[in-house]
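Open your viewer and get the selection tool ready. We will go from stop to stop, and each stop tells you what to pick next.

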Amino acid sequence: MKEIKAFIRPEKLNEVAKSLKKDQFCCFTVFEGEGVGDYSDEDTQFPSLKFPFLHNKIVKIEIVCNKEDVDKLIDTIRTHARTGKRGDGLIYVSSVESQVRVRDGERKG
């Protein structure tokens, strides 16, 4: 199994989420955040009231999938999160050793 973490622009979340569901990737988690990076979009930078030194709102999507689905997931996220400007985001892929369901303890991997 693989875990995909995608950091994207908040305004692209609905489009990405709809596309993931359309491609049968129903289950993922979304987090809001703020960040600092070398690839910020100068048109959307702003100081945060909570964190004055941070300047970009971001959304992080986390999804665990079979390794054969990684390329399709990356393509879907890239296609629908892209604006062509600096700061469009990053996608990370990591290995997942196992999964344990909380309800009944069922294990995979």
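In which sense do strand β1 and strand β3 pair, and over how many bridges? Select residues 2–8 and 56–65: these strands, β1 and β3, run antiparallel to each other over 7 bridges. Two strands count as paired if DSSP finds at least two bridges between them, while helices (H or I, at least four residues) and strands (E, at least two) are DSSP runs numbered from the N terminus.

A word on the model: it is predicted, so local features need pLDDT of at least 70 and side-chain atom pairs count only at pLDDT 80 or more, whereas totals for chains, interfaces and linings use all residues. Residues are numbered from 1 along each chain as its sequence is written, and side-chain values use heavy atoms, with hydrogens and water left out.

Centre on lysine 5: glutamate 62 stands opposite in β3, and tyrosine 92 is the bridge partner in β4.

Next, colour Ile4, Ile8, Val16, Leu20, Ile61, Leu73 and Ile77, which touch the most other members of the 15-residue largest nonpolar core. The elements giving two or more residues to this core are β1, α1 (13–22), β3 and α2 (70–81). Such a core is a set of buried Ala, Val, Leu, Ile, Met, Phe, Trp, Tyr and Cys residues joined through side-chain atoms within 4.5 Å; buried means under 20% relative accessible area (1.4 Å probe, protein chains only).

Finally, pick alanine 17 in helix α1. Alanine 17 is buried, at 15% relative accessible area, and its C-alpha atom lies 8.6 Å from that of isoleucine 77, 60 residues away along the chain.

Terms used
Buried < 20%, exposed > 50% of the residue type's maximum accessible area, 1.4 Å probe, protein only.
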